[in-house]
Amino acid sequence: MVVSREVNRLSDELADVNTTYDRHTKYIGSEVKTLSDEMNKVKTDVTKVSNNIQDVSSLERKLLIKTLRLVVLQELKAFGTSMYTFHTEKLTWTEAQQKCQEDGFHLAEINNDNELEFVKELVGSHLAWLGGTDVDKEGDWRWVSSGLKVMASLWNTGEPNNYGNQEHCLHTDYGITSDGLNDRNCEDGIAFVCELEP
Ligand code: BGC
Ligand code: CA
């Protein structure tokens, strides 16, 4: 009698132990799953970061080679603390700005008389886009990168005239009958000058 009661008690206890064991096993299983999910997420992130690092260094390499090429071809001109490239390819003002930006440059800006003489020499009689526009406010001519006003003395006589009410981009015009900057339709395709500032 005593033995059978003891057997019953032990078997109840065993059932309890089994239930607890099952509960813990399930809990541990779900924890392991959460951890392994998280680990996979971290792995994906690490892969992404390492791909980004590779992208950056391959971009840096491309930029370095591009710059080196410009130096070797002597197409990179230095003046003051800036460097400049002159492009005879005919682009709209926005396309020209984008082209400059691809190499970390912006359309060139004239901030003093010495820089003016340098740019004049660089472009000769070519019409070439510079980084000035009054697109934000008619008549308020600004250099895009610095936000500074365009010096009034830089304009050709009679300019800017906003001819046909559609001239909002600025270019060089040092020809036989002109000696200054002109405003022109931004959609016209002309040469351009890029500038790289430190
Ligand atoms: C005018 C400029 C104008 C240009 C447009 C010239 O004849 O003098 O002001 O921007 O034509 O093509
Ligand atoms: Ca004009």
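Two residues are in contact if their C-beta atoms, placed from the backbone, lie within 7 Å. In this predicted model, residues 24 or more positions apart account for 59% of the contacts in the chain with a separation of 6 or more.

The chain holds three helices and eight strands. From the N terminus, their order is α-β-β-α-β-α-β-β-β-β-β. The overall outline is drawn out. Along its principal axes, the C-alpha trace spans about 125 × 40 × 25 Å. The radius of gyration is 35 Å, whereas a compact globule of 198 residues would have a value near 16 Å. Buried residues make up 19% of the 198 residues.

Helix 2 covers residues 93-102. Its buried residues are Trp 93, Ala 96, Gln 97 and Cys 100. These four lie on the same side of helix 2, because they cover an arc of only 100 degrees around the axis. The face turned away from that buried side carries Gln 98 and Glu 102, both exposed. After helix 2 comes Gly 104, which has a positive phi, near 85 degrees.

The largest nonpolar core has 24 residues. Within this core, Leu 107, Trp 129, Leu 130, Phe 192, Val 193 and Cys 194 touch the most other members. At least two core residues come from each of helix 2, helix 3 (113-123), strand 4, strand 6 and strand 8. Strand 8 gives the most, with four residues. Leu 130 shows how one core member is surrounded. Neighbours within four places in sequence are left aside here. Leu 130 is then in contact with Leu 107, Ala 108, Glu 109 and Ile 110, among others. Its contacts also include Leu 170, His 171, Thr 172 and Val 193.

Some details of the backbone stand out. Most residues other than glycine have a negative phi, and most peptide bonds are trans. Gln 74 is not a glycine, yet its phi is positive, at about 55 degrees. This residue is found in the loop between helix 1 (2-72) and strand 1 (77-79).

Asn 162 lies in the loop between strand 5 and strand 6. Its phi is also positive, at about 45 degrees, although Asn 162 is not a glycine. With 14 other C-beta atoms within 10 Å, Asn 162 is partly exposed. Pro 160 lies in the loop between strand 5 (142-143) and strand 6 as well. A cis peptide bond joins Glu 159 and Pro 160, with omega at about 0 degrees.

Glu 159 is also one of the residues around ligand 1.

Conventions: Residues numbered from 1 in each chain as written. Chains lettered and ligands numbered in written order. Predicted model: local features only at pLDDT ≥ 70, side-chain atom pairs only at ≥ 80, totals over all residues. Rg over C-alpha atoms; globule rule 2.2 N^0.38 Å. Buried ≥ 20, exposed ≤ 12 C-beta atoms within 10 Å, placed from the backbone. Near = placed C-beta within 6 Å. Arc of directions from axis to C-beta. Core = buried A, V, L, I, M, F, W, Y, C linked by C-beta atoms within 7 Å.
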